[in-house]
Amino acid sequence: MTSDNEKYFTEEEETRIDKAFKELLEGYLGSKHRKKAELIEKAFRFAKHAHHGIRRRSGEPYILHPIEVARIVSQEIGLGSTSICAALLHDVVEDTEYTVEDIEQHFGKKIAQLVDGLTKISGGIFGDKASEQAENFRKLLLTMSEDIRVIIIKMADRLHNMRTLGSMAPNKQFKIAGETLYIYAPLAHRLGLFAIKTELEDLSFKYEHPVTYEEIERKIAQTAQKRNDVYTNFAEPIAKKLEEAGIKFDAKARLKSVYSIWKKMENKKIPFEEVYDLYAMRIIFDCDDISKEKAICWNIYSIITDLYRVHPERTRDWIVTPKANGYQALHLTVMGPDGNWIEVQIRSKRMDEIAEKGFAAHWKYKIGDTDEENELSDWLRTIQDILENPEPNAIDFLDTLKLNLFASEIVVFTPKGELITMPKGSSVLDVAFELHTELGCKCIAGKVNHKLVPLSYKLNSGDQIEVLTSQSQTPKAEWMEYLVTAKGKTRLKSALKKEQQPIINKGREIFEKFLSDNNLTEESLNNDVITKIFGYFHVDNREKLFSALGDGSVIIDDNAPKMLRHAIKKSEKGLFSRIFRLKRDDDSSVDHSVDSLKNKEEWKRIDPKKDYELKIDENGPNFILASCCSPIPGDETLGFIKNSGDVEVHSISCPKAMALKASYGPRIVTTVWNVTGGSYLVNVRIEGIDRHGILQELTSMISSHLGLDIRKLDIEANEEVFHANLAVRVANADTVNSLCARIKKIDGVKVATRIQ
Ligand code: MN
């Protein structure tokens, strides 16, 4: 393998690679972990071979990056061989020909799983849609927490990328820095990786605000001497007293990071000079016995408060109740000799390690000769608990995120690496419908993580999914069971309906033929007649009638024409005579044809140039309401002067009226309503979200509250949506409009509109 590489890298570079790896290995061997040097060396050789000849943007051999990530994982975070190997191999599957299976074959299942997790999240964040996907990505990180090491290694990867960000193009620098500040730094904080969090923040800030960063850095340097003097004056008396008390300790001034200084300046709108708590004093004491730590902390506390005045409200005991991320320490703020408040942090060495390295440090202290896996599982569980149970008071990452909301969500990848958030339990078919109706309808199976699965397959977070389709596939009613998303169900339903269309068309033809055999058209039927027809065929809407006729489940028998004639006669008598006492001399509700031979010249008696006043007197109305658009008083209408001299009133938008206008222009007359009283049947379409009790509210509002006469109310509730068709009698258009407006005010109703 080495001979391959010699072709690409110089002697010098080879030496550098070996040296970097040696440093990694020595650091590991110096830790308390079990010594699995062989496995780590194998991972190194494997990764080196896989990335052979490849360079980073900076020109360095690529392999230096995974080595450095592994070093951070080992030395700065404190993880063991499994994580070190995964870190060494973390870009192999992403960037080279090797697969996860190859990794598993050589390094076992666990390491392969970690590399797989790292590969999956690498696509998401570096993809083009990274920023809009940021929210999804955060969710992904959290839902992936089944092995938190994936996130921690990712953190180390990001840290190294940030440390070497200078070699990236400026626009990329900006983007990566923003992501780091937005996603990784808060997550590092959450995991208790404080040192890494601070460094990520500072590095991001440096690239996002280079000028401000430099300015603050310069001012820190300028004030260093003065600060030093203050610190010495402050710390010396404390150190003396602690020594007298026989406490072994290390004291240092901890300067605030550039980023946190800037944040303070921004938040408080103050200049650098007024940020007085630029540093804190940190006292780290030696103590082998955990049970004595607390007593020593408070001992030191009393020594300090003997010397300086303590701020009464700024003592924080993180020992008895550690922060959720594991942080333990005793904090107090005292008045320094220069009159400024100075924070003092008191910690044992153990607490300090936890503060710097997070939970990884916990188990380091209880290490025996057990396997790394077992040792790890403890603190992995702890971190998982942290992620799942955000501490209520902390103003940080998870509080804004409201993790519990995500327990019901998963995040999956498209083959292009885009992230989709889906409800938990979603199937391949759900994703297909989520992406596109057509994709759902033609779906035959899925490929999840490159393995073939049925379309009912339930997905897990982090799965990469490809939807397989076939042109010959058609949507099936039984698919409803595989769908959990409302979107999927709705889309399948309408697709199934569409499938029905040819049958419906056939049924419509049959019905139209039946009408024309009886000298009728569909438009000429009024609602009462239609209701009779539905009743005869045992259906409750047109669509059901057509599909029943289309698939032959009902047929037009010998009695049908009789029923039809009867219904028409009855409706004329009932409807019109009741309302208008209408006297008819011809069969005008049936005969709408313009070329009626009777009364051929009668129409000439009406002057189309004058407005025609629509009114009802003792002879009944001087107009006929067209059944095609069923206008009512108050509607915008026009009149068509029939051969008989009757004026047929159409709604302005009625398609039939438009056709009449085009062919019989001179016979069109403008109309003016002068009608009071009477009641007219209108249809109102209502749609909304089917919350509990809404339908009851709807019906009682219409019938009792508005005192209207409901003739028919069909309600179809479907999942969370309902559709209703309301037929109601009203006096005029204003009544319908105010009715619709009132219905729309019912919580949950989305649509309430009159249909014609
Ligand atoms: Mn990487």
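A residue counts as buried here when its relative accessible area is under 20%, and as exposed when that value is over 50%. Keep in mind that you're looking at a predicted model.

**The metal site**

With that cut-off in hand, let's start with the manganese ion. Its protein donors are His 65 and His 90, each through NE2, together with Asp 91 and Asp 157, each through OD. These donors lie 2.2 to 2.4 Å from the manganese ion. If you'd rather see the spacing along the chain, the donor residues follow the pattern H-x24-H-D-x65-D. His 90 sits in the loop between helix 5 and helix 6 (92-95), while Asp 157 belongs to helix 10 (residues 149-163), so this pair ties together parts that are 67 residues apart in sequence.

Are these two residues buried or exposed? His 90 has a relative accessible area of 2%, so it is buried. Asp 157 comes out at 5% relative accessibility, and therefore it counts as buried too.

**Two helix pairs**

Next come some helices that pack against each other. Two packed helices are described by the angle between their axes and the distance between the axes. Here are those values for two pairs:

| Helix pair | Angle between axes | Distance between axes |
|---|---|---|
| Helix 4 (residues 64-77) and helix 5 (residues 81-88) | about 155 degrees | 8 Å |
| Helix 2 (residues 11-29) and helix 3 (residues 37-50) | about 155 degrees | 11 Å |

An angle over 145 degrees counts as roughly antiparallel. Helix 4 and helix 5 are therefore roughly antiparallel to each other, and their crossing is right-handed. On the helix 4 side, the contact is made by Pro 66, Ile 67, Val 69, Ala 70, Val 73 and Ser 74. Helix 5 brings in Ser 83, Ile 84, Ala 87 and Leu 88. Sorted by class, the residues of this contact are eight nonpolar and two polar, with no charged ones.

Now for the other pair: the angle of about 155 degrees between helix 2 and helix 3 makes helix 2 roughly antiparallel to helix 3. The crossing of helix 2 and helix 3 is right-handed. Helix 2 contributes Glu 14, Ile 17, Asp 18, Phe 21, Leu 25, Tyr 28 and Leu 29 to the contact, and helix 3 contributes Ala 37, Ile 40, Glu 41, Phe 44 and Lys 48. By class, the contact of helix 2 with helix 3 has eight nonpolar and four charged residues, but no polar ones.

Most residues other than glycine have a negative phi. You'll find Asn 519 in the loop between helix 23 (486-517) and helix 24 (527-537). Its relative accessibility is 65%, so Asn 519 counts as exposed.

His 538 isn't a glycine either, yet its phi is positive, at about 60 degrees. Look for His 538 in the loop between helix 24 and helix 25 (542-550). At 72% relative accessibility, His 538 counts as exposed.

**A glycine in helix 25**

Last stop: Gly 550, which lies in helix 25. With a relative accessible area of 8%, Gly 550 is buried. Which residues is Gly 550 in contact with, leaving aside its neighbours within four places in sequence? They are Ile 503, Lys 506 and Gly 507. Gly 550 and Arg 508 are 42 residues apart in sequence, and from C-alpha to C-alpha they are 7.4 Å apart in space.

Methods:
Residues numbered from 1 in each chain as written. Predicted model: local features only at pLDDT ≥ 70, side-chain atom pairs only at ≥ 80, totals over all residues. Heavy atoms only, no water. Axes fitted to C-alpha atoms, helices over the stretch in contact; angles between N-to-C directions. Helix = DSSP H or I, 4+ residues; strand = E, 2+ residues; numbered from the N terminus. Parallel < 35°, antiparallel > 145°, perpendicular 65-115°, else oblique. Left-handed = near helix turned anticlockwise from the far one by under 90°. Contact = heavy atoms within 4.5 Å. Nonpolar A, V, L, I, M, F, W, Y, C, P; charged D, E, K, R; others polar. Donors = N, O, S within 2.8 Å, 3.2 Å for Na, K, Ca; no water. Buried < 20%, exposed > 50% of the residue type's maximum accessible area, 1.4 Å probe, protein only.
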